[in-house]
Amino acid sequence: MKIAILNGSPKGNLSVTLQYILYIQKKFPHHEYKILNVAQQIKTLEKNQEKFEDIIEEIKTSDGVIWEFPLYVMLVSSQYKRFIELIFERNVEDAFKNKYASLICTSIHFYDHTAINYIHAISEDLEMKFVGHFSADMMDLMDEEQRKNLISFAEDFFSTIENKLVVSRRFPPLKSRDFEYNPSGILTNKEKININDKKILVLTDYTNEDANIAKMVKTLQKCFSDKIEVINIYDVDIKGGCLGCIQCGYDNQCVYKDKDGFTDFYHKKLRTADVYIYALTIKDRYFSSRLKTVWDRSFFNGHVPTVIGKQFGYIVSGPISQIPNLREIICAMIEISDCNLVDIITDEYYDSQTIDLMIYSLAKRLINYSNSNFINPGTYLAVGGKKIFRDAIYGRMRFVFQADHRYYEEHGLYDFPQDDEQAKKMNEMFIPLMEKDEKFRKAFYSRANTEMIKPLQSIVRDPKK
Ligand SMILES: Cc1cc2nc3c(=O)[nH]c(=O)nc-3n(C[C@H](O)[C@H](O)[C@H](O)COP(=O)(O)O)c2cc1C
């Protein structure tokens with residue numbers, strides 16, 4: 001069988017993830033493997049149609065396709081995302097149709113599931129038969145058990161193809177409506193929203209002034225008493241996507257530093273506002289690869305948040321309610337930075353008048369929340385995610401990401417439970433008593449619920465708090 005490998009690492013042959021493929025190749029040498037470094041070569045593939053068609057030809061003549069990629073900011077790299085966009089833009093979906101597909105990725109398991117969901121759904125949009133995913137920790141290949149797992153995974157993929165087995169579909173196709181938004185005029189007599197001294201930044205990526213999102217941005221601008229800053233990220237000088245070289249790990253200096261305007265843009269614009277409004281259009285099952293480039297390139301800051309305690313709003317054109325995976329990514333990114341997501345509004349259901357009112361309401365609530373400094377407590381998305389970062393930076397990633405380590409130490413982010421003095425005291429006091437004294441244990445559990453709320457009750461009853 002011929003297996004096409006779509007390598008999504010900007011590092012090409014130096015990819016960690018690729019080693020998993022080479023291991024499979026060693027174990028199943030009778031198959032033909034065609035490794036295609038599509039992320040590393042994205043600029044060539046964009047410019048050179050012939051080279052792009054060569055890749056598509058390899059897909060056409062293969063029996064199975066493996067999406068092989070590293071996690072980049074909860075998804076695939078911007079270069080890989082761009083390759084996926086090219087498939088749709090250049091109408092070559094047919095090459096993928098009915099091919100069996102699987103996915104092998106490496107990461108530290110920080111939002112690997114959102115990247116997997118994305119590629120799984122894209123495969124199904126391409127009418128591929130998606131067999132399964134293998135999400136390895138970067139170094140899993142060193143572990144004998146995981147190597148056995150990988151062999152079983154590959155075996156299943158090959159046998160599914162050979163036996164033409166039938167696999168289930170998980171993601172229904174997206175339905176977009178053909179709707180043109182035009183400002184309704186309902187906001188004409190509305191009081192303008194006073195921005196006081198708040199700095200508002202709108203980031204958008206529209207390429208057509210007549211697009212719904214462009215018109216929605218204009219409506220938003222008119223809601224405020226003063227001029228607000230709108231930046232189209234296509235106007236920012238960005239020479240390319242993150243290369244994954246991790247040289248930024250030591251001192252947060254990006255290798256592109258003086259080669260383009262991104263670092264400057266980041267420090268002067270992207271981290272200086274009080275209120276951020278992203279105005280974006282859905283592209284496949286995410287936003288544009290241009291936006292992904294901005295988010296990937298922001299990785300030069302490592303794993304520390306550089307925008308903390310700010311308000312975020314999203315204005316989206318396209319069927320975001322059908323892509324809960326994307327909503328999760330947005331929520332997670334905001335929560336992990338201890339910021340607050342006020343709302344995500346869209347043009348997917350409503351008429352223009354309702355959209356106008358939603359834009360106005362979003363603008364008003366963003367300012368209100370910014371005035372009161374409200375930050376919603378993080379959910380599992382932030383609490384779980386932060387623990388993965390904390391442990392990795394304290395442990396095995398520290399020598400690479402020394403800048404992160406310094407920040408975590410200085411800002412008290414190493415909140416390990418073994419350092420919780422209060423918990424330690426309680427455990428030392430109660431555990432031996434409960435182990436030794438059955439009467440005490442019974443009494444303890446009979447009063448556990450009443451005792452648990454006592455400190456909370458003291459707050460509720462305190463007239464000063
Ligand atoms: C820009 C960038 C973003 C990353 N984002 C994530 C992430 O969101 N989740 C995660 O678990 N690992 C993340 N990683 C770690 C890589 O996924 C991991 O190192 C991977 O094994 C690299 O594979 P490769 O050598 O094949 O490129 C990121 C690395 C880089 C450089």
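I counted a salt bridge when a side-chain nitrogen of Lys or Arg lies within 4 Å of a carboxyl oxygen of Asp or Glu. Helices here are DSSP runs of H or I with at least four residues, numbered from the N terminus. I noted that Arg297 and Asp260 are both buried. For burial I used relative accessible area with a 1.4 Å probe and protein chains only: buried is under 20%, exposed is over 50%, and partly exposed is in between.

The model is predicted, so I took local features at pLDDT of at least 70 and side-chain atom pairs at pLDDT 80 or more, while totals for chains, interfaces and linings use all residues. Residues are numbered from 1 along each chain as its sequence is written, and side-chain values use heavy atoms, without hydrogens and water.

Next I checked Arg390, which meets Asp391 in a salt bridge at 2.9 Å, N to O. Arg390 is buried at 7% relative accessible area, whereas Asp391 is partly exposed at 40%.

Then I turned to helix H16 (residues 438-461), where Lys442 and Glu438 are four residues apart, about one helical turn. Their closest N and O atoms are 3.1 Å apart, in a salt bridge. Lys442 is exposed at 57%, and Glu438 is partly exposed at 45%.

Last, I searched the whole structure and got 31 salt bridges.

Key:
Helix = DSSP H or I, 4+ residues; strand = E, 2+ residues; numbered from the N terminus.
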